[in-house]
Amino acid sequence: MSELVLQVKDLKVSFSTVDGVVQAVNGISFDVRKGQTLGIVGESGSGKSVTASAIMGLINRNSADMSGSILLGGLDVLTAQEREIRALRGREAAMVFQDPMSALNPYYTVGKQIAEAYEVHHPNSSKKERQLVALDMLAKVGLPKPSECIDEYPHQFSGGMRQRIVIAIALVNNPRLLIADEPTTALDVTVQAQILELMMSLQQEFGSAIILITHDLGVVAEVADEVMVMYAGQTMESSKVQTLFDAPSHPYTRGLLGSVRSLDNSERGALHTIAGNPPSMISLPGGCPFHPRCEFAASMNGLCSSVQPTLRVLPTTGSESACHLNDDQLLSLGRGVIHD
Amino acid sequence: MTSPVVLEAKNLVKYFPTVSKGLLQRSTDSVKAVDGVSVQVRAGQTLGVVGESGCGKSTLARLLMRLLPPTSGTVLLDGADITSLTGRELRAVRAKIQMVFQDPVASLNPRHSVGQIIGTPLKFLKENSASGAKEHVQELMALVGLNPEHYNRYPHEFSGGQRQRIGIARALAVGPQVIVADEPVSALDVSIQAQVLNLMEKLQRDLGLSYVFIAHDLSVVRHIADEIIVMYLGKVVESGTPKDVYSAPSHPYTQALLSAIPLADPRAAGTHKRMVLTGDVPSPIDPPSGCRFRTRCPRAQDLCALEEPALIDRGQGHPVACHFPG
Amino acid sequence: MIAYLTRRILFAGVLLLAVSLFTFLVFALLPTDPAALTCGKVCTPERIEANRTRLGYDQPLLTQYGKFLKGIVGGRTYGEGQGEFTCGAPSLGYSFSQKDCVTSLIARTLPVTGSIAIGGFVLWMIFGIGLGMVSALKRGRWPDRLISIVSVVGLSFPTFFLALLLLFIFVIWSQFLPFPSYVSPTEDFFGWCQALLLPWLTITIISSPYYIRLTRFGMLETMNEDYVRLGIAKGLKRWTVLRKYVLRSALIPIVTVAGLDFGATLGGAVFTESIFSLPGMGRLSIKAVSDSDLPVLVGTTLVAATFIVLFNLLTDIFYGFVDPRVRIHK
């Protein structure tokens, strides 16, 4: 197995608000290895973006309660000094945000913003050198005419081009881990295809590990090696990408796949759905957070509403699943999902 | 395809003049948002409008709704010209065409209860007693799958999917024939998208509604539409039934759009050959000459710059605006 | 950029012309007879009529306005023969109650008002932005709460009460400061500061709460922007992010408001000048109101309006320089 880049153990994050305590992340654990792409899939409120912010040390410790550990570059991000975390940012882990329209500083040229990121980890570099690095990065992310772009301001670019610039900023220090939080959600489909392709080819070139956070199973299928499915701040299932799509081992994954597949394939007729609505993060249901929407919970004699299932490995597929159904039942889930 | 045409647009054009930049004089530039689009919406059927941002689909929706006056062209409702109606007559038209918006949060007044939100259009468009109104609103809430007892709750107490149901109930309140839905499920989670789409189809069957369904997402439209038009830079590039468009896409833009959808199947990811378009959509202020897609088209030839391709059937069985369909 | 500047300056000129016409007409249409005010207590109808002709009040309004404008450009001569006298350009008219040209009256009072405005402005911007920053950075904790309480208290004092309170504490009770007066800063800079400290403090306490809030709100809003988070994610130092990412965009809208406020204060700090008996433009206007001294009223109003238009223009130009989205016109 290749070298470990990131190790998250039993991460919990909660925020106090006027309405009550929001439990955004409730004890998730995962590893990311060199060159690997981990897809984190979840719907809104699943805690996937909070996880990303926590890894980058972007969550203010005064406003949130955090426990567990996040090991990155030999440090625990949750307990390290701000100065130490700063040394990790950009070099150990870099981030790409969802909305490229707001991710760039409107008052500085894009060249300056790339150069500035480079300067953080190369404080002795000359201005000329930083300029050359910026030019090189702009060319690498596929901007036409880098020598002109370098002196232009963010508002002069389209969304897709801005996302390329954000990626250039993220990769300028050759980080070991790239965290991409819904990097294509705000973009048009044809531009999304361009950006995904770019990220994959740059991963080849730079050898970074990638955490790709998305709500789109299609995007995951395209680029991820491993997939973690989150719901209400917890991991429901964690599998190799092929296994997840062939043999989902959690009723929630199965429901998601069903919704997507019936949209992709059927032409008319009722679509497969997951009943109900996502839970409030302030008052999570007891037991398994998915049980109020789960089609199997009713037949489990109240087990699902009282006991929270823990992740366990299914011997046949190697997937991890947090569900009270027995191994055979979980294995049979895949058969129920619509295939072409 | 035998049901009668309810809503029809003929050669709609909408130019938005841009602000002047010169010294004192005004410039004559304009954003050519919609440039000669004709559509037909049939009774009880759905017209799907697909395109990426900037293609003019939302402007088209607002033109059909008569929320914007067209630069030229006509809009017909039940065969009657509604292009230049104003005041009372326009309000009567509004009772027949209603709109559902993309963002259920932004389109609901946070200080009004659900009952008020759904009931307000009734006050403007129909004579109705107060008690009858409440009953009617609660019926509507039940119809869209909301608990009628939540009549007095406020939008923030509902989830995204439920808010979109409120938006639909509000549109239904005045008993419209046509609903123009502008990206009604784009902002929702996947599992909730399917719920809302199922609801819209059920309502169509039960109430005989016609939809104009606007989306950037081809898979959603494919599911719900009877007819689809694909738009690019203010023009229709291809139209037909979902089968025509999905099984035999002939315009290179449609083909690119279809191949760009990431499939929820890792095996397909390796095998299917993706057609990735280069560059961005050109400015609608100064669109390319001839065919507007030619600057990004892999099949472009000299003819494409000289002559604009008409939207006609070139032997594919459905209309395509391309000199070299394939 | 040059076209933009030219257009803005032309527009400012047209605006000022409109303001001058409007002010002139408003005061001309008041039911006061300007000629009757020109000759004090012992007055015969003949003298009034003579003065009316001498000052041109018998001519049609538009002609009067034309002469007024001409006076601004080239000075103006009143009367004939022995009684002839001239107010040099730019002439804004002649005040009979003060027996002087309006322009010289304003020229005498403007340094006082200017001193009050500049010192007050500097202080209120320092306090407003500084405390606003502290408030935003310590949001929800005691410094933020303290600042917000203090600024509400400051805001709720009426100017005259606050000025009297300060006067009592610093001058009468502790005798820490002399009674405010005007000393020319070129002659005695320290004396200038000392003599004007109380008016400055008054203006600062009244004006800075608003700037504290603007700064706090602007900073908190900007700190939530994605590009600020990206700045942190790049590994930039907290202070660098604050300076280059947060402050810059938070302060730009404040500069706009500040420019207008400064322009308005230059037009006369009426209350402050009156209570501290400082001979500034505000007091000149107040006196002109009680004397029904129309030429002075028109003159001071026009000067005040000019300052507002001028600073509005300057902030717009400033905007063009600092915000690339405004600067670049393709």
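I began with helix 1 of chain C, residues 2-28. Its 27 residues reach 39 Å from first C-alpha to last, close to the 39 Å expected at 1.5 Å a residue. The expected span is 1.5 Å times one less than the number of residues. Helices here are DSSP runs of H or I with at least four residues, strands are E runs of at least two, and both are numbered from the N terminus.

The model is predicted: local features need pLDDT of at least 70, side-chain atom pairs count only at pLDDT 80 or more, and totals for chains, interfaces and linings use all residues. Residues are numbered from 1 along each chain as its sequence is written, chains are lettered from A and ligands numbered from 1 in the order written, and side-chain values use heavy atoms, without hydrogens and water.

Next I looked up burial in helix 1 of chain C. The buried residues are Tyr4(C), Arg8(C), Ala12(C), Ser20(C), Thr23(C), Phe24(C) and Phe27(C). Buried means under 20% relative accessible area, exposed over 50%, and partly exposed in between, with a 1.4 Å probe and protein chains only.

I then turned to Thr215(C), which lies in helix 7 (residues 189-223) of chain C. Thr215(C) counts as buried because its relative accessibility is 0%. Leaving aside neighbours within four places in sequence, Thr215(C) is in contact (heavy atoms within 4.5 Å) with Gly128(C), Ile129(C), Gly132(C), Met133(C) and Ile254(C).

For chain C as a whole, I noted 13 helices and four strands. Its C-alpha atoms fill a box of roughly 85 × 60 × 40 Å along the principal axes. Of its 330 residues, 45% are buried. The accessible surface is about 16900 Å², and 69% of that belongs to carbon and sulfur atoms. Areas come from the Shrake-Rupley method with a 1.4 Å probe; for residues, only the protein chains shown count as cover.

Chain A came last. I found 12 helices and 12 strands there. The C-alpha trace spans about 70 × 50 × 45 Å along its principal axes. Buried residues make up 59% of the 340 in chain A.

Helix 7 of chain A covers residues 189-206. Its 18 residues reach 25 Å, close to the 26 Å expected. This helix is mostly covered, with 13 of its 18 residues buried.
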